[in-house]
Amino acid sequence: MTSSEPADPGLLALAQDFREALRHSIYLVRRLDADGELSAAQLSTLKMLMDAAPATGGSASSASGVRVGEIARNLGVKVPSATEQIIKLERAGLARREPDPSDSRAVRVTLTEAGLAAVASANERRNAVMAGILSSLPDDDRAALAAALPVIGRINATLQA
């Protein structure tokens, strides 16, 4: 579709409904661990670092970690706000800042073993709460949700590209 073509009203309505459902889902996910020790932003940051961690148990490559600017973009905040979150995580021993070997002006943030344990613990709590919520749904609704997950994954992949 080019910018001169009118948008399909049905597609625009679906887009709006999908965005609203995602917004409400974000609120739900943030409440799942409201009693946890870490904020939703801190957990999101740790999850980003976990996703960027090397898949093998060997030493980290020169490209391991996530740049502070990328963390800020993913959190939807400015770099100083992301840096503040990273400093808190570093002080708690959950993350580590390191110079970027490919750019002396940049910093990469990596997950520590304690950070990995914190993410695992939060995931366990969140999954238990979500499983309780999902258990209240009829089987057909759970099947529809399961069927939608690959589509949502493809949408996410498109947005990350």
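## Helix α6

Helix α6 covers residues 139–160, and its 22 residues reach 32 Å from the first C-alpha to the last. That is close to the 32 Å expected at 1.5 Å a residue, where the expected span is 1.5 Å times one less than the number of residues. There is a kink to look at, though: α6 bends by about 30° at Leu149, with a proline, Pro150, following within four residues. The bend here is the angle between axes fitted to the seven residues ending at a residue and the seven starting there.

## Model and confidence

This is a predicted model, with local features needing pLDDT of at least 70 and side-chain atom pairs counting only at pLDDT 80 or more, while totals for chains, interfaces and linings use all residues. Residues are numbered from 1 along each chain as its sequence is written, and side-chain values use heavy atoms, leaving out hydrogens and water.

The chain averages a pLDDT (the predictor's confidence in each residue, from 0 to 100) of 87, and 91% of the residues score at least 70.

## Overall layout

The chain has 6 helices and 3 strands, running α-α-β-α-α-β-β-α-α from the N terminus. Helices (H or I, at least four residues) and strands (E, at least two) are DSSP runs, numbered from the N terminus. The C-alpha trace spans about 50 × 45 × 30 Å along its principal axes.

## How α4 packs

Take α3 (residues 68–75) and α4 (residues 79–91): their axes come within 8 Å and cross at roughly 105°. That makes α3 roughly perpendicular to α4. Axes are lines fitted to C-alpha atoms, for helices over the stretch in contact, with angles from 0 to 180 degrees between N-to-C directions; under 35 degrees counts as roughly parallel, over 145 as roughly antiparallel, 65 to 115 as roughly perpendicular and the rest as oblique. Val68, Gly69, Ile71 and Ala72 of α3 touch Val79, Ala82, Thr83 and Ile86 of α4.

Helix α2 meets α4 too: the axes come within 10 Å and cross at roughly 80°, so α2 is also roughly perpendicular to α4. Here Ala41, Gln42, Thr45 and Leu46 in α2 meet Gln85, Lys88 and Leu89 in α4.

Definitions and conventions:
Contact means heavy atoms within 4.5 Å.
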